[in-house]
2 protein chains.
Amino acid sequence: MAVRAGIIVTGTEVLTGRVSDRNGPWIAQRLRELGVDLAHTVVVGDRPADITTAMRFMAGEGLSVIVTSGGLGPTADDLTTATVAAFQGRALELDTELEQRIAAIVAPLLRRWPNIDREALAAGTRKQAQVPAGAAILEPVGTAPGVVVPPADGAGGPTVVVLPGPPRELQPMWQAAVATAELRDAIAGATVYEQRTLRLFGIPESEIAETLRRAQADGIDLAQLEITTCLKRGEVEVVTRYEPPAAAQYERFARFVGDRHAGVLFSPDGRTIDELVAATLTARSLTVAIAESCTGGLLAARLTELPGASTYFLGGVLTYSNEAKEDLAGVPAAVLAEHGAVSQETAVAMARGARANVKADIAISVTGIAGPGGGSENKPVGTVWFAVADGAGESTRKVLLPGGRADIRDRATTVAMHLLRERLAG
Amino acid sequence: MAVRAGIIVTGTEVLTGRVSDRNGPWIAQRLRELGVDLAHTVVVGDRPADITTAMRFMAGEGLSVIVTSGGLGPTADDLTTATVAAFQGRALELDTELEQRIAAIVAPLLRRWPNIDREALAAGTRKQAQVPAGAAILEPVGTAPGVVVPPADGAGGPTVVVLPGPPRELQPMWQAAVATAELRDAIAGATVYEQRTLRLFGIPESEIAETLRRAQADGIDLAQLEITTCLKRGEVEVVTRYEPPAAAQYERFARFVGDRHAGVLFSPDGRTIDELVAATLTARSLTVAIAESCTGGLLAARLTELPGASTYFLGGVLTYSNEAKEDLAGVPAAVLAEHGAVSQETAVAMARGARANVKADIAISVTGIAGPGGGSENKPVGTVWFAVADGAGESTRKVLLPGGRADIRDRATTVAMHLLRERLAG
């Protein structure tokens, strides 16, 4: 059975673009894992009327579940719980025990900020302890409780899961929501899908469209597979969702892609390039160092993003200025003078220098022109040189990346990760 | 007059959370600048029926403008233009001149990937050159043209602006859309608002709620000001929108906040901490270096994010391992042995070492425990030490940051930026 859901992300700061939403995508993934089809995500401001309109729209579409994020704070403009209660025809009631539990949570604030307004704090706590009658309460992770609000008895319509805005609060509270009888009832009977991901690097998206046509022509029944492709940070991601009986069709499709795109399909099991690099370094007990210029730390940040990074990442040098390239990475002044900071020779010297100074098994360097200034006819903005150095020598690559400063810096980290993976693969 | 708009972000990869949307927030800001009120942003998958449903919802709400992003690619699952044409009651027609212009744009692909399927490429080009009759065409920045589609003659309803998904294509094409008579007509008469932002660091959000209550009690007419507050990367952001005649009320409000939160209000004019630090370094011709441990490059990435960063950022050292702290930043082994890597003494030695090795005027260091492992009772996960060193000495700070690994790393960069700003302010 197809169970459909909608997400309502509330918050004027999100709607107006001042804060980017991380909750919609996260909840979308969780719904998918439960076999629930996401129909729409709607972002609304803090106006109760707009939240109600969005709920009415989703109820009219026949959705079984609505998940809201945000608007549970102690301030008067946070109105999600009251708005959902009214929509579901349930009275808002003060839960005095919940009020005491929230008060215990906020008590440390009084120590941290001794001059805080105690009355304002108590008013906020009381406001947050108002919950719809008959709703399941989700214990606060921060200070705000969530609720799972079924429709009024006999009324039909969607069950609404009300979660707070901060992701680190929302995420554990979603797990609690999934455990409630109210949400379990609403999603009972959802089809469970399998989902698999293929990742490719170094081809345009149009080639994948052609691959799909050829797979179909080859007799693979793509109608059984819900395939989406997208370009993401310079890689092509192919995500396929299917019901369990279509597993054999998927296996045929995955083999077809692997055959047609050998060498380009770097992840047949969905692992990211970051995970693959981390797994290889860990498995082979190798250590890595970096020397970055135009990416200014982004490559190192990427290499240290995963938990446990300290087992393979030792450190590195950020050599933004030419003098830093000499002082920190030992790039000879003559190399800089003759070939320039953005050159194969400088990239190699940076990687060798970082490897030696950090005493790492392998080092990777990036030097390029992120713009908007600094480009020339010979070396336009987007020109980036990379080198990987290990005990056996160096690999290098030059690319011309499209886009603005942020795009070029980000894309360069992806190219660097792939060059590192290829060198590790030998 | 209030002119209201809606945004429809299309793409199964966005809806399912595999790609985070950057277009909705960007368009939201642009609409606001034009005095257009954004009512809803709806994210939908690549199913035409879901795009149509969202448009019908918005038309029913009486919105004057709908902006869509995504779904203009050459592949068969990109159906936005056709769906919008049908919704507006306009036939889709092949524009052969546009087809030739797109063909000229994709020609270089044939050189870059000589084995590409030429027939598939031509089919994609032909598909992208199909535009609704009577629509204004927005020239492609990538390969996809956009369109501005007014309602069918005499039909009433919203004008739909159809833009591509990649931000670097969408953004210039939005500027072209704003120049069309079709969009100008749809937003004629919109009220132009003023918007101002205050930024504060070092207080909980509840204090701002109390400030609003006191401002009202003090006789400031908050009804004339649309104020939203939010916590963002550890800072409190207060954004106020108002019609021009309310300017005097806003000035009173801004002064009230400044008086009540002196020292905490670091940006009375909306500039970000990153912009303020960059402006101060530039104005005083100071250079900066970093030494990072737990943030692993994120602080340097932040310091190099703005164009022109090379005028003040020289470089730095990433000292993830203890040995790198000794080798790259000159932290004495005895300091590490006695006080540990996460300590005031190590932070100070890192900042001093980075300053000396990079020959910068000022250096900032970060060393902490981002988790999930590595915490202890004395130094739990989230413990982070900072030091700023200049010619006159050092400032240090210790914080205990909440959240997971990513939160701690990100939040630590904010604390570092503020410590740097405070040291620069003297």
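The C-alpha centres of domain 2 and domain 3 of chain A lie 31 Å apart. These domain bounds come from an automatic or database domain assignment. That assignment gives chain A domain 1 (3–187), domain 2 (194–267) and domain 3 (275–425).

This is a predicted model, in which local features need pLDDT of at least 70, side-chain atom pairs count only at pLDDT 80 or more, and totals for chains, interfaces and linings use all residues. Residues are numbered from 1 along each chain as its sequence is written, while chains are lettered from A and ligands numbered from 1 in the order in which they are written.

Stay with the two domains. Six residues of domain 2 of chain A are in contact with six residues of domain 3 of chain A. Contact here means that the C-beta atoms of two residues, placed from the backbone, lie within 7 Å. On the domain 2 side, two of the touching residues are nonpolar, two polar and two charged. Ala, Val, Leu, Ile, Met, Phe, Trp, Tyr, Cys and Pro count as nonpolar; Asp, Glu, Lys and Arg as charged; the others, Gly among them, as polar.

Now look at the sheet in chain A. Four strands form an open sheet in the order S10-S11-S9-S12, with antiparallel pairing. Strands (E, at least two residues) and helices (H or I, at least four) are DSSP runs, numbered from the N terminus. Two strands pair if DSSP finds at least two bridges between them. Strand S10 (226–232) and strand S12 (265–267) of chain A are the edges, each pairing on one side only. From one strand to the next, the twist averages 30°. S9 (residues 194–201) of chain A meets S12(A) over two antiparallel bridges. There, A:Arg199 stands opposite A:Ser267.

Turn to strands in chain B. S9 (residues 194–201) and S11 (residues 235–242) of chain B pair antiparallel over eight bridges. B:Gln195 faces B:Arg241 of S11(B). Seven bridges join S10 (residues 226–232) of chain B to S11(B), again antiparallel. B:Thr228 has B:Val239 as its bridge partner. S10(B) and S11(B) form a hairpin with two residues between them. In that turn, B:Arg233 has a positive phi of about 50°.

Next come two helices of chain A. The axes of H11 (residues 273–283) and H16 (residues 405–425) come within 10 Å and cross at roughly 35°. Axes are lines fitted to C-alpha atoms, for helices over the stretch in contact, and angles run from 0 to 180 degrees between N-to-C directions. The crossing is left-handed: the near helix is turned anticlockwise from the far one by less than a right angle. H11(A) contributes A:Ile273, A:Asp274, A:Leu276, A:Val277 and A:Thr280. H16(A) contributes A:Met417, A:His418, A:Leu420, A:Arg421 and A:Leu424. By class, this contact has six nonpolar, two polar and two charged residues.

Finally, the two chains. 82 residues of chain A are in contact with 80 residues of chain B. The chain A side divides into 37 nonpolar, 26 polar and 19 charged residues. Five antiparallel bridges link S14 (residues 313–319) of chain A to S14 (residues 313–319) of chain B. A:Leu318 has B:Gly316 as its bridge partner.

The same surface serves both: 96% of the contact residues of chain A recur in chain B.
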